[in-house]
Protein chains: 2
Amino acid sequence: MKKQFKYILILLLIYSCGEETPKNTITDVQTVVLLDSPLKSWADGPRTRIMNWIEDITDSTSKNYIPETDRIAVFDNDGTLWPEQPIPNQLKYAIDFVKAESAQHPEWLKDPLLRGFIDNDPEAIKKAGKKGLARIMAVSHSGMSETVFHDHVQQWIDTARDGKFNMRYQELVYQPMLELLEHLKNHGFRNFIVSGGGADFMRVWTEKVYGIPPYQVVGSYAGAKFELKDSTPVIIKLSDDLYVDDKDGKPVAIHRFIGKVPVFCGGNSDGDLAMMQYTAGSKYRSMNLLLHHTDAEREYQYDLKTLSGHLEKALVEARERGWVVVDMKNDFRRIFPFEK
Amino acid sequence: MKKQFKYILILLLIYSCGEETPKNTITDVQTVVLLDSPLKSWADGPRTRIMNWIEDITDSTSKNYIPETDRIAVFDNDGTLWPEQPIPNQLKYAIDFVKAESAQHPEWLKDPLLRGFIDNDPEAIKKAGKKGLARIMAVSHSGMSETVFHDHVQQWIDTARDGKFNMRYQELVYQPMLELLEHLKNHGFRNFIVSGGGADFMRVWTEKVYGIPPYQVVGSYAGAKFELKDSTPVIIKLSDDLYVDDKDGKPVAIHRFIGKVPVFCGGNSDGDLAMMQYTAGSKYRSMNLLLHHTDAEREYQYDLKTLSGHLEKALVEARERGWVVVDMKNDFRRIFPFEK
């Protein structure tokens with residue numbers, strides 16, 4: 001945890017100091033390009049393994065047949081369906097939020113834990129440390145109704161752009177994974193996201209971007225309360241009782257939210273290992289797929305030294321147990337939908 | 001709460017002293033009879049209101065049109081989809097469980113909080129009080145893997161019979177509500193259970209009985225932990241961090257698990273009022289339906305004086321706001337599938 005925290009700070013420093021919001025003229029809404037042939041953006045190796053597995057488990061004469069009601073697929077989000085570098089998109093949202101809203105919140109300017117983020121002051125961010133991170137997540141994700149939060153995230157996801165590709169975040173999703181989601185859905189699977197990211201944050205856009213509705217999105221969450229405000233019912237987001245949907249928290253959340261053991265799991269980090277082990281324990285012939293970020297040019301290259309997506313134990317276990325390890329540089333023919 | 005607790009004890013006394021498990025020869029599996037005409041078991045009044053509403057909100061030319069992705073229907077379970085008298089079925093399961101398992105747990109016999117249940121001793125149950133109820137729920141619902149719990153509930157639901165009708169519990173579900181679930185599903189709705197009952201308890205049988213899969217079942221839940229036991233992944237059910245999915249907890253759980261405001265809500269008690277208010281707050285033309293248990297002969301008659309399903313405020317508000325109030329004696333032509 002400590003080591004990871006160091007990286008958080010280093011990367012926040014890089015991020016906060018260096019970046020200016022880039023501007024360009026791309027304004028059209030992303031169209032998810034689903035190519036004719038299934039899994040066309042995948043290299044032959046992993047493509048064949050996935051196709052063969054699906055063929056086997058959907059064949060009612062196979063000993064490995066899985067009835068449709070048990071075809072549960074779970075996917076991590078950050079680093080598995082969209083990038084998580086240089087900092088997770090949700091943290092970028094939190095920083096953009098406090099910057100944009102600070103005029104309405106003069107008390108934030110007096111708060112040393114928040115001030116650094118508002119001013120892009122690396123020294124102040126460093127000093128605020130872990131408490132500062134918790135504070136910025138709290139003020140940007142609680143103390144407001146679900147509707148107000150939803151509208152803020154919607155506005156951000158529709159307009160904010162990333163620093164490397166100058167694309168909107170919903171355009172920066174992995175094309176091969178979109179094809180995989182579609183292919184599984186076409187074969188009777190129900191796709192769920194099981195992510196360390198905030199459930200409420202993801203639910204705003206997952207239906208449009210991945211075709212995954214809010215009730216199939218499992219993520220981290222905190223408390224909430226129900227109120228009638230002048231007879232109008234509202235859900236107020238709180239910051240207490242945080243459930244972190246990561247590591248062992250993932251299979252527990254699958255148990256809590258889904259209630260079935262998955263037969264397919266996609267992930268990219270040690271935070272996904274427990275849910276992969278859980279999936280491997282299915283009574284059916286299951287499949288685990290682990291993305292390894294190996295393409296510094298077309299996306300990012302990382303595993304051990306990273307803020308988000310530390311990959312070490314899961315890679316060893318995946319190789320030992322024969323899970324599908326995807327070398328993104330070689331196995332993803334195309335990474336993003338916007339690529340030619 | 002105190003008043004309710006008194007009823008718990010009174011009813012437990014009646015239950016524990018009076019009842020012998022009845023025996024008869026009915027052994028065939030329940031077949032859910034879905035009649036030709038939709039909502040055939042409903043009287044004309046509520047039937048017409050439901051049909052007209054569905055016609056309106058599924059008509060793409062109507063100003064009240066609701067896109068399919070937002071057609072979320074939520075149903076309470078105890079007293080709305082199946083009976084909750086004289087004590088909730090899940091409590092009956094807990095009592096049956098400790099009785100059946102006590103031979104393997106000599107320590108339970110020494111536990112004054114549990115002993116009364118095992119011996120059918122009304123004085124001991126009374127003395128154990130609220131703590132006794134919490135204890136029997138804990139030992140019957142935690143300290144075991146999800147698989148072991150699932151198998152116990154499966155075995156019970158397949159064999160145990162209720163005391164009034166001598167039917168298995170999965171045969172004692174409301175025929176008109178089965179028709180309503182089916183009719184909504186056929187019109188693009190996604191049906192969810194949002195119940196004070198335990199999620200894990202319901203998920204064992206809801207897919208078979210109601211056609212509602214585990215991931216559309218929201219209920220009360222407690223903590224859980226993930227473990228590898230000799231390399232085998234298991235989820236162990238714990239008794240801490242109890243989330244009670246009742247009253248204000250229902251809209252909060254809808255927010256947490258479903259992430260969309262329902263447009264249809266079915267309930268039968270004050271515990272359902274908050275989720276009905278939440279549903280009424282939908283941006284769409286929504287519908288609330290409240291069952292009033294008025295048939296002492298064919299089912300049970302209760303509202304104010306009951307262990308489970310206290311109905312008072314919700315009935316007043318439903319009448320004031322013009323929600324559909326179902327008088328079960330007059331509005332349910334048939335109550336259970338097994339009736340002629």
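Start in chain B and select helix α5 (residues 112-119) together with helix α6 (residues 122-141): the two pack at an angle of about 95°, with their axes 7 Å apart. Angles here run from 0 to 180 degrees between N-to-C directions, and axes are lines fitted to C-alpha atoms, for helices over the stretch in contact. That angle makes α5(B) roughly perpendicular to α6(B); the cut-offs are under 35 degrees for roughly parallel, over 145 for roughly antiparallel, 65 to 115 for roughly perpendicular, and oblique for the rest. The element names come from DSSP runs, numbered from the N terminus: helices are H or I with at least four residues, strands are E with at least two.

Before you go on, a note on what you're looking at. This is a predicted model, in which local features need pLDDT of at least 70 and side-chain atom pairs count only at pLDDT 80 or more, while totals for chains, interfaces and linings use all residues. Residues are numbered from 1 along each chain as its sequence is written, and chains are lettered from A and ligands numbered from 1 in the order in which they are written.

On the α5(B) side, the contact is made by P112(B), L113(B), L114(B), R115(B), G116(B), F117(B) and D119(B). From α6(B) come A124(B), I125(B), A128(B), K131(B), G132(B), R135(B), I136(B) and V139(B). (Contact means that the C-beta atoms of two residues, placed from the backbone, lie within 7 Å.) Coloured by class, the residues of this contact divide into nine nonpolar, two polar and four charged. Ala, Val, Leu, Ile, Met, Phe, Trp, Tyr, Cys and Pro count as nonpolar, Asp, Glu, Lys and Arg as charged, and the others, Gly among them, as polar.

Next, pick I57(B), in helix α2 (residues 44-57) of chain B. Buried or exposed? I57(B) is buried, with 23 other C-beta atoms within 10 Å. The scale: 20 or more other C-beta atoms within 10 Å of a residue's own is buried, 12 or fewer is exposed, and in between is partly exposed, with C-beta atoms placed from the backbone. Leaving aside neighbours within four places in sequence, I57(B) is in contact with S62(B), N64(B), Y65(B), I66(B), Y284(B) and R285(B). For a sense of scale, draw a distance to M137(B): that residue is 80 residues along the chain from I57(B), and the two C-alpha atoms are separated by 42 Å.

Staying in chain B, select strand β3 (residues 190-198), where nine of nine residues are buried. Which strands pair with it? Strand β1 (residues 72-75) pairs with β3(B) in the parallel sense over four bridges, and V74(B) has F192(B) as its bridge partner. Strand β4 (residues 217-220) also runs parallel to β3(B), joined by three bridges; look for G198(B) with its partner S220(B). Pairing requires that DSSP finds at least two bridges between two strands.

Another sheet to bring up in chain B is an open one of three strands, in the order β2-β6-β5 with antiparallel pairing. Its edge strands are β2 (144-145) and β5 (224-229), each pairing on one side only. Six bridges link β5(B) with strand β6 (residues 232-237), and E227(B) stands opposite V234(B).

You're now at the interface. The contact takes 29 residues from chain A and 30 residues from chain B. In chain A, the elements giving two or more residues are β5, β6, α11 (249-258) and α12 (273-280), and α11(A) gives the most, with six. By class, the chain A side has 16 nonpolar, six polar and seven charged residues. While α12(A) is selected, check its burial: seven of its eight residues are buried, including L273(A) and Y278(A).

Last stop: the symmetry. A rotation of 180° with 0.0 Å of shift along its axis superposes chain A on chain B (RMSD 0.0 Å), which is the relation of a two-fold axis. The superposition is by least squares on the C-alpha atoms of residues with pLDDT of at least 70 in both copies. To find the axis, centre on F257(A), which comes closest to it among the residues of chain A, at 3.4 Å (C-alpha). 100% of the interface residues of chain A are also interface residues in chain B, so the copies meet through the same surface.
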